Amino acid sequence: EPGKNSQGESIEKQTPQARTEIFPAPPVELPEVLSTSHSCQRCYSNRECMMYAVADISDPMSANNRSVNRSHAELIQHFTGHLSDPDMQYFRDWDRLIDLESYNSQKEITRSWLVGSVDRETSTGKCISSLALDDLSLNSAQCLNSDTNCDNVSKADEFVAIVRFVRSPDSVLKTALKNLQIEVRSRVVLSTDGTIFSRVPKEQDSSSNGTARPGRRQKRVFRHQMHVLRGVLEQIDDHSVHIRVSKSDIKTIKELVNSFKVTSHSNDGLHYAEGQRYDNACANNSLRFRLDKDEIASGLGTLRQNLINFFTTDTPPFKASTKNHQGNKSSAEERIGEVDDHLLHLRQRMSWLRRAVVNLDPPPEFENRLVDSMFRVQNCKGIAGCDLKCLSSEFQMLNPDQRAAVAKVICAKDYTLIQGLPGTGKTSTIAYVVRLLVARGKRVLITSYTHAAVDALTMKLIESGVSAREGEDGISALVRIGYESSCHNIVRPILVSNIAAAKEAKEGAQNKGNDSPSAE
């Protein structure tokens with residue numbers, strides 16, 4: 001019936017929370033928990049594994065779940081005993097939302113293969129074109145933390161070796177690789193240097209109806225292969241990149257290179273699926289690759305780890321129980337002594353934070369009396385772009401919602417959440433709040449899910465007159481933290497690494513001048 005839900009309730013009379021339904025999260029596709037907990041007690045992933053084991057929404061009374069609860073009871077209690085049912089439901093819901101985002105975002109990396117590597121590198125900086133494999137690094141690839149060759153590594157090892165790729169000398173682009181938008185520890189996807197538009201060309205020695213003429217040898221066609229492997233970028237410089245890959249990936253690359261050589265030699269010069277010879281982009285008929293940054297995999301992995309940390313970061317590493325001289329089991333904390341002050345403070349802080357985020361309890365508190373003194377502060381250090389008189393004038397130019405948000409931030413005891421649709425002025429409001437807090441003598445840390453968001457806010461601060469020029473104490477007012485390849489060109493001069501390098505160069509020049517002999 002229109003206007004009513006499946007239970008016959010009027011939708012108009014429901015609260016927004018009641019009208020919002022999150023479907024139950026599907027079971028997480030992870031390997032089954034081991035039958036015994038002996039190995040799990042020393043596993044580096046026991047924290048994550050126990051969280052997902054408890055979050056499993058399948059029948060808790062099933063034989064498998066009952067077995068896990070018995071065999072891993074101590075581990076489960078250690079890592080999840082402090083969590084409530086609402087906490088675990090919050091974890092399930094958000095984990096499912098990450099799954100949905102991952103599923104919806106899988107198309108992004110595929111879209112990148114619709115564009116040639118040269119065009120994508122030029123427009124986004126998130127692709128590296130015309131890479132050649134360093135055969136020496138492939139043939140001598142050594143397993144990480146091992147002195148054996150990668151062929152002897154067990155299948156359980158995910159990332160085991162480093163493979164090096166170099167920019168081809170005949171590359172159309174000459175940009176230094178370290179200046180692109182691909183930073184160390186990024187997840188990357190390796191493909192042959194082409195696009196997914198690969199079609200078998202019409203051979204000139206074929207008949208008019210498309211069938212091969214008798215007695216004529218058909219040319220073998222090498223097809224571009226997208227997503228040859230995934231890896232982690234370990235090192236990048238001007239002309240080369242080092243990628244951490246797995247044992248199976250080493251074998252895949254060798255087979256691909258060998259297939260390319262066979263195709264090239266059998267054709268007296270390689271013909272690609274697009275029907276173009278490869279000689280114009282590659283010298284000596286060697287295979288060329290492209291490297292695309294996989295932003296989705298990197299971002300979603302961070303999201304999942306942050307979610308795990310939110311519920312377990314205040315739980316110390318597990319240590320198996322032992323029996324004391326009286327024959328009674330002692331817990332890990334009893335054996336290591338009293339909980340140190342840092343861990344105790346962390347537990348109190350995280351317990352409050354989980355209640356505030358999951359249960360919205362307690363609600364944020366505000367001291368409304370602080371609004372009257374918003375622009376009256378005594379003995380504050382002057383920072384360019386953060387003048388209280390200018391900020392007071394600009395405050396009147398904000399719209400009512402923006403002014404209310406600024407006032408809430410100044411009056412907040414704990415936190416303020418600013419929400420708004422795209423284009424409603426959230427970034428401008430936050431930039432104003434940052435300047436006002438600095439003018440009031442506060443130090444401000446700006447963080448975000450993406451580098452682009454941090455750069456957008458940083459550039460607004462620069463436009464407002466906040467500069468990175470050094471003060472009397474030699475400390476810059478505005479500093480950007482991050483990898484140079486991840487930052488916008490405008491904010492790169494204020495990267496902490498570049499500021500430090502410039503300061504050292506300045507001090508070195510001054511010391512050199514002081515050490516030079518003076519003219520008599």
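Strand β3 (residues 187–192) and strand β5 (residues 229–236) run antiparallel and are joined by 4 bridges, where helices (H or I, at least four residues) and strands (E, at least two) are DSSP runs numbered from the N terminus, and two strands pair if DSSP finds at least two bridges between them. Leucine 190 stands opposite leucine 229 in β5. Strand β5 also pairs with strand β6 (residues 240–245) in the antiparallel sense, over 4 bridges, and a hairpin of 3 residues joins β5 to β6, with isoleucine 236 standing opposite valine 241 in β6.

This is a predicted model, in which local features need pLDDT of at least 70 and side-chain atom pairs count only at pLDDT 80 or more, while totals for chains, interfaces and linings use all residues. Residues are numbered from 1 along each chain as its sequence is written, and side-chain values use heavy atoms, with hydrogens and water left out.

The pLDDT, which is the predictor's confidence in each residue from 0 to 100, averages 76 over the protein, and 69% of the residues score at least 70. Confidence is highest in helix α13 (residues 400–411), at a mean of 95, and lowest in strand β7 (residues 271–272), at 42. Over residues 144–159 the pLDDT stays under 50, and for these residues the model has 32 contacts beyond four places in sequence, a contact meaning heavy atoms within 4.5 Å.

The structure holds 16 salt bridges, each being a side-chain nitrogen of Lys or Arg within 4 Å of a carboxyl oxygen of Asp or Glu.

| Salt bridge | Closest N and O atoms |
|---|---|
| Glutamate 121 and arginine 167 | 2.7 Å |
| Arginine 288 and aspartate 170 | 3.9 Å |
| Arginine 369 and glutamate 367 | 2.8 Å |

Glutamate 121 lies in helix α6 (residues 117–124) and arginine 167 in strand β2 (residues 161–167), so this pair ties together parts that are 46 residues apart in sequence. Glutamate 121 counts as buried at 4% relative accessibility, as does arginine 167 at 10%; buried means under 20% relative accessible area, exposed over 50%, and partly exposed in between (1.4 Å probe, protein chains only). Arginine 288 is likewise buried, at 4%, whereas aspartate 170 is partly exposed at 31%. Arginine 369 counts as exposed at 59%, and glutamate 367 as partly exposed at 25%. Asp95, Asp99 and Arg304 are linked in a network of salt bridges.
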